[in-house]
Amino acid sequence: MALRKILTADEPALHKVCRPVTKFDSKLHTLLDDMAETVVEACGVGLAAPQVGILRRVVVIDTGEEIVELINPEIVETSGEQDGMEGCLSVPGEYWLVKRPNYAKVRAQDRDGEWFEMEGEELIARCICHECDHLDGHIYTEIAYRKLTDEEIEALQSGQEEA
């Protein structure tokens, strides 16, 4: 396993639509392993392949209990709404307010090509939507409605106030 360089928002790769994965081989497994190591090292919640310069439909999500690998993910259901602070490893040091579904269900393939479904609420739902947006060439700041100040970020992280 190896750490991959995380691209920043000005990189063209982050604004392109990713191609589906068709080969479930050792090259894909290496990418998944590297992405998992990279997201943990960066203290992130999710990472999409274009963030490391690979234009394939691959995502890893750190649920806090496990790393979930989503290959060729398709969001099949969303409901509710949440409004909160969101950040991105490709937009370091910035946090914006974003509306997202409070619940999301995704259908994806695992590293061996087997289909499965994953669902989540709150942070996991936010992450599923955020990472799938990356696969379509979008960055969360495109749908964000206000950038947070350093003081607001500090207050939200310490739980002192609601955004």
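Before I start, a word on how to read the values: the model is predicted, local features need pLDDT of at least 70, side-chain atom pairs count only at pLDDT 80 or more, and totals for chains, interfaces and linings use all residues. Residues are numbered from 1 along each chain as its sequence is written, and side-chain values use heavy atoms, with hydrogens and water left out.

Let me begin with the strands. When I say helix or strand, I mean a DSSP run, numbered from the N terminus, with at least four residues of H or I for a helix and at least two of E for a strand. Two strands pair if DSSP finds at least two bridges between them. Strand S2 covers residues 58-62, and four of its five residues are buried, so the strand is largely enclosed by the rest of the structure. Here buried means under 20% relative accessible area, exposed means over 50%, and partly exposed lies in between, with a 1.4 Å probe and protein chains only.

Which strands does S2 pair with? One is strand S1, residues 46-48, joined to S2 in the antiparallel sense over three bridges, and within that pairing Ala48 has Val59 of S2 as its bridge partner. Another is strand S3, residues 67-79, which pairs with S2 in the antiparallel sense over five bridges, with Asp62 standing opposite Ile67 of S3. S2 and S3 form a hairpin with four residues between them, and Gly64 in the turn has a positive phi of about 95°.

That brings me to backbone angles. Most residues other than glycine have a negative phi, and most peptide bonds are trans. Cys43, however, has a positive phi, near 60°, and Cys43 sits in the loop between H1 and S1, where it is exposed at a relative accessible area of 71%. Asn72 also has a positive phi, about 55°, although it is not a glycine; Asn72 lies in strand S3 and counts as buried at 9% relative accessibility.

Now to the pockets. Rolling a probe the size of a water molecule over the atoms shows where empty space is left. On a 1 Å grid over the protein atoms alone, a pocket is an open set of points where a 1.4 Å probe fits, with protein on both sides within 12 Å along at least five of seven lines, and lining residues have an atom within 4 Å of a point. A volume is the space filled by probe spheres set on the points, which are joined across faces, edges and corners.

The largest pocket has a volume of about 440 Å³. It is lined by 22 residues, of which Val45, Glu86, Gly87, Cys88 and Tyr95 are the closest to its centre. Strand S4 (82-86) and helix H2 (123-135) are the elements that give two or more residues to this lining, and H2 gives the most, with five.

The second largest pocket has a volume of about 290 Å³. Its lining includes Arg4, Pro20, Leu31 and Val58, and helix H1, residues 26-41, gives the most to it, with three residues.

Is Asp34 buried or exposed? Its relative accessible area is 6%, so Asp34 is buried. Leaving aside residues up to four places away in sequence, Asp34 touches Met1, Ala2 and Arg4, where contact means heavy atoms within 4.5 Å.
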